[in-house]
Amino acid sequence: MDGKTRKTRMNLIPDYITKMRPQDILMPVAAGLCCKPGGFHIDPTRPVERAVITHGHSDHARPGHGAVLATQETLDMMRLRYGDNFAGSTQAIAYGEELKLGDVTIKFHPAGHVLGSAQIAVSCRDTCIVASGDYKDAPDPTCAPFEAVPCDVFITEATFGLPVFRHGAAADQIKKLLASVALFPERAHLVGAYSLGKAQRVIALLRDAGYDAPIYLHGAMEKITRYYESRGVALGELRLVKGMKKADLAGTITLAPPSATSDVWTRRFPDPVTAFASGWMRVRARARQGGIELPLVISDHADWDGLTATIDATGAGEVWVTHGQEDALVHWCTAKGLAARPLDLVGYGDEDAIDAVAAGEDAEA
Ligand SMILES: [Zn+2]
């Protein structure tokens, strides 16, 4: 048989042998996204035998799994939060590294959400599905930039999946903060920011804007912030608020978990200006409700333009939309001729949500 004949024969192999139905590769189940042919779950919400985890936020990275595969940073963050025995065994995987698991191949790509965050490409025969976890396409000096990964099916979050959500440039929000600090030298500025990712990003953005005074930290942020520094993220001089005299905090900036900015802890600051760095700050009513004097629209999630541009960039013909405001994004995809559906996954939230103010710093879920 010459080459030509062989090629013709190959073409006679029906599609269903090389192509798999996406839902046979990844399927939403009670514990999260299940990959049966690979024998694992992605970001499981219940303890499972083998977990593949996108990033360190506690609604995605939970303790108690048999084996965990994630980036080194995500594993380290889980260890910091849950202790050494957070899983039976762990395996680190780098961005761009390929691994065969059962009948599928997986590959991690940067998600631009927080340090170590990853999208997970799952390929089986000729079909590739990308589970992006949480992501943002906006620049962030504290983590590897988001990478659009060509795929057949793209699983996208939809935290800010409405056209009203346009975050704008984070640098402009930092300017607003610095203008307020200059305007009120006798007051302290207290910036509520989620302690994994957002706080470090705000600090790095302040440094990028030329602010080189010491930045103060609530004690709950120290461990993770020091961890960022240990991974080479330069954050300048950081000090703990603890032990500082009230008068000495005039004119300073302090980063604190959102819950702390509304409790008695704030009494140690001179006439504090309360700020909150979150995508939800686009909604004025939410800022008012939370008693936020200085709303800063800084998000670690893609906004409407980011979500739609990313879907375009992946070239995916099918889109599964999860955690957040699914309907508008599903509608946008359908209008473009893409197959799209909401994915009924429960147990994922948004670390940015202003409800965290009331619920406590670790109730990000
Ligand atoms: Zn997250």
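Colleague: In which sense do strand 8 and strand 9 pair, and over how many bridges?
Modeller: In this predicted model, strand 8 covers residues 104-110 and strand 9 covers residues 118-124.

Colleague: Which strands are the edge strands of the open sheet?
Modeller: The sheet is open and has seven strands with mixed pairing, in the order 7-8-9-10-11-18-19. An edge strand pairs on one side only, and this holds for strand 7 (98-101) and strand 19 (339-342).

Colleague: What angle does the direction of helix 10 make with that of strand 18?
Modeller: Helix 10, residues 326-335, packs on the sheet and touches strand 11, strand 18 and strand 19.

Colleague: Which geometry does the site of the zinc ion have?
Modeller: The protein donors are His55 (NE2), His57 (ND1), His113 (NE2) and Asp134 (OD), at 2.2 to 2.3 Å from the zinc ion. The angles among these four donor atoms run from 90 to 167°, whereas a tetrahedral site would need all angles to lie between 85 and 135 degrees. The site is classed as irregular.

Colleague: Is His55 buried or exposed?
Modeller: His55 lies in the loop between strand 4 (50-52) and strand 5 (65-70), and is 58 residues apart from His113, which lies in the loop between strand 8 and strand 9. His113 has 0% relative accessibility and therefore counts as buried. Because the relative accessibility of His55 is 0%, His55 counts as buried.

Technical notes
Residues are numbered from 1 along each chain as its sequence is written. This is a predicted model: local features need pLDDT of at least 70, side-chain atom pairs count only at pLDDT 80 or more; totals for chains, interfaces and linings use all residues. Side-chain values use heavy atoms; hydrogens and water are left out. Two strands pair if DSSP finds at least two bridges between them. Helices (H or I, at least four residues) and strands (E, at least two) are DSSP runs, numbered from the N terminus. Contact means heavy atoms within 4.5 Å. Axes are lines fitted to C-alpha atoms, for helices over the stretch in contact, and angles run from 0 to 180 degrees between N-to-C directions. Donors are N, O and S atoms within 2.8 Å of the metal (3.2 Å for Na, K and Ca); water is not among the atoms, so sites may look incomplete. Four donors count as tetrahedral if all angles lie between 85 and 135 degrees; four count as square planar and six as octahedral if opposite donors are over 155 degrees apart and all others between 65 and 115; anything else is irregular. Buried means under 20% relative accessible area, exposed over 50%, partly exposed in between (1.4 Å probe, protein chains only).
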